[in-house]
Amino acid sequence: VVLGVCVWDEKAAYDEWVPKNKSKYSFQFAFDPAGRGADGIAGSKFNVSGIPTTYIIDKDGNVADAIVGYEDGDKRVEEALKKLGVKVD
């Protein structure tokens with residue numbers, strides 16, 4: 001399961017972006033109103049230090065990998081999934 005959670009933008013920006021970009025993605029999006037700021041949930045509870053931050057969670061619920069940032073051609077998600085035995089096309 002993939003879930004994109006917005007913790008950076010204001011709600012109005014999120015509400016504008018999702019409909020414009022939904023056709024590009026096949027996963028669900030959510031907005032976290034408590035995500036922003038130094039004491040926000042993303043930073044204080046989940047150690048998010050950059051956007052995007054991707055967590056790969058294994059079948060037992062453990063964080064198998066944490067990936068910060070993204071550049072075109074980045075294959076870190078695919079590599080992390082392969083390490084868990086997930087077939088990636």
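Good morning. Confidence in this protein is lowest in H2, with a mean of 81, and highest in H1, at 95. That confidence is pLDDT, the predictor's own score for each residue, from 0 to 100. The protein as a whole has a mean pLDDT of 89, and 98% of its residues reach 70 or more. This is a predicted model, in which local features need pLDDT of at least 70 and side-chain atom pairs count only at pLDDT 80 or more, while totals for chains, interfaces and linings use all residues. Residues are numbered from 1 along each chain as its sequence is written, and side-chain values use heavy atoms, with hydrogens and water left out.

I begin with the strands. Helices (H or I, at least four residues) and strands (E, at least two) are DSSP runs, numbered from the N terminus. Strands E1 and E2 run parallel and are joined by four bridges; two strands pair if DSSP finds at least two bridges between them. Within this pair, Val-5 has Ala-30 of E2 as its bridge partner. Together with H1, E1 and E2 make a right-handed β-α-β unit: with the strands pointing away from the viewer, the path from the first strand over the helix to the second runs clockwise. In a regular strand, side chains alternate between the two faces of the sheet. On E1, Gly-4 and Cys-6 form the covered face, and Leu-3 and Val-5 the uncovered one.

E3 and E4 pair in the antiparallel sense over five bridges, and Thr-53 has Val-68 of E4 as its partner. The two strands form a hairpin with five residues between them, and Gly-61 in the turn has a positive phi of about 85 degrees.

I turn now to the largest pocket, whose volume is about 1,700 Å³. Of the 40 residues that line this pocket, Leu-3, Gly-4, Val-5, Thr-53 and Thr-54 are the closest to its centre. On a 1 Å grid over the protein atoms alone, a pocket is an open set of points with protein on both sides within 12 Å along at least five of seven lines, and lining residues have an atom within 4 Å of a point. Grid points are joined across faces, edges and corners, and the volume is the space filled by probe spheres set on the points. E3 supplies the largest share of the lining, five residues.

Lastly, Val-86 lies in the segment after H3. The C-alpha atoms of Val-86 and Val-18, 68 residues apart along the chain, are separated by 28 Å.

Conventions:
On a 1 Å grid over the protein atoms alone, a cavity is a set of points where a 1.4 Å probe fits but cannot get out, and a pocket is an open set with protein on both sides within 12 Å along at least five of seven lines; lining residues have an atom within 4 Å of a point. Buried means under 20% relative accessible area, exposed over 50%, partly exposed in between (1.4 Å probe, protein chains only).
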